[in-house]
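Please study the structure shown below and then work through the exercises. Each task is followed by a solution in steps.

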Amino acid sequence: MRILFLADVFGSAGRHAVEERLPGLREELGIDFCVVNGENVADGRGITPKLADKILAAGADVVTLGNHVWARDEIGPYLATSERVIRPANVALGSPGRALAVAPAVDGTPVSVVNVLGSLFLDVARGMFEVLDDIVEEARKKAKVVIVDFHAEATSEKVAVARWLDGKVTAVIGTHTHVQTSDARVQPGGTAAITDAGMTGPHDSVIGVEADLAIRRMRTGMPVRFRPAESGVRLEGVVVDCGADGRATAIEALRVALP
Ligand SMILES: [Fe+2]
């Protein structure tokens, strides 16, 4: 099975890139299942029901989120009923939505997708290791192929979680930092991993935001309203190959520049 994971889709430039290129990419690359991280789709922070539906309609089988999950008020009720748009497992107890989606690949094989937030340098309601094993266990009961979107800031934590889950899941895909790392690898136990899959969005920016605005806020420490940038758009992510047993056989970083 061949799985495409598109990293953090940022703003309308990122979303348009997904709508324009994902159907063709699925075809060209022979993709059986596609996961898209959509936590920055709504102007760089969060997602709305309408935008989530657009990403699904463009060819995502499952949409994952991250630390900006609650940035838009209207997403709570949507997540409460959605089976394909998931939020991190370690949000506050009782929050709407689920952290595990199980959806069929093209040939009907079930694929589990899990979303977890890192604990380091992020404001999390519950520590990541408090929830990780249980959600992974649940995912493994439902499918042999298990994809973990580990949405985290710290490289050390992302590498540690990839090692901890080696042999237990098909892939641990790091998201959140928006800069693709050069460490895509299949670990000895058969779990593919990358520290960060990158960003699907405007790379002529500071991780998606108009550079001038991001720099001004950093230089002055004063509030500056961020606007998503628009140019230098690339789709970034990874393509993971795995067997029917769920063991990864290959992982390759993907970078597709839009003309
Ligand atoms: Fe994030």
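This is a predicted model: local features need pLDDT of at least 70, side-chain atom pairs count only at pLDDT 80 or more; totals for chains, interfaces and linings use all residues.

**Exercise 1. The metal site**

Task: Determine which residues coordinate the iron ion, and how the geometry of the site is classed.

Solution. 
Step 1. The iron ion is coordinated by E39 through OE, N67 through OD1, H151 through NE2 and H176 through ND1. These contacts span 1.9 to 2.2 Å.
Step 2. The angles among the four donor atoms run from 86 to 175°. A tetrahedral site would need all angles between 85 and 135 degrees. The site of the iron ion is classed as irregular.
Step 3. Along the chain, the donors follow the spacing E-x27-N-x83-H-x24-H. E39 lies in the loop between β2 (33–37) and α2 (49–58), whereas H176 lies in the loop between β7 (171–175) and β8 (185–186). The pair is 137 residues apart and thus links distant parts of the chain.

**Exercise 2. Helices α1 and α2**

Task: Describe how helix α1 and helix α2 pack, and which residues meet.

Solution. 
Step 1. Helix α1 covers residues 11–29, and its axis is 8 Å from that of α2, at an angle of about 20°.
Step 2. Because angles under 35 degrees count as roughly parallel, α1 is roughly parallel to α2. Their crossing is left-handed.
Step 3. From α1, the residues R15, V18, E19, L22 and P23 meet L51, K54, I55 and A58 of α2. This contact comprises six nonpolar and three charged residues, with no polar ones.

**Exercise 3. Helices α4 and α5**

Solution. 
Step 1. The crossing in which α4 passes α5 is right-handed.
Step 2. M128, F129, L132 and D133 of α4 meet E157, V161 and W164 of α5.

Note on methods:
Residues are numbered from 1 along each chain as its sequence is written. Side-chain values use heavy atoms; hydrogens and water are left out. A crossing is left-handed if the near helix is turned anticlockwise from the far one by less than a right angle, and right-handed if clockwise. Helices (H or I, at least four residues) and strands (E, at least two) are DSSP runs, numbered from the N terminus. Contact means heavy atoms within 4.5 Å. Donors are N, O and S atoms within 2.8 Å of the metal (3.2 Å for Na, K and Ca); water is not among the atoms, so sites may look incomplete. Four donors count as tetrahedral if all angles lie between 85 and 135 degrees; four count as square planar and six as octahedral if opposite donors are over 155 degrees apart and all others between 65 and 115; anything else is irregular. Axes are lines fitted to C-alpha atoms, for helices over the stretch in contact, and angles run from 0 to 180 degrees between N-to-C directions. Angles under 35 degrees count as roughly parallel, over 145 as roughly antiparallel, 65 to 115 as roughly perpendicular and the rest as oblique. Ala, Val, Leu, Ile, Met, Phe, Trp, Tyr, Cys and Pro count as nonpolar, Asp, Glu, Lys and Arg as charged, and the others, Gly among them, as polar.
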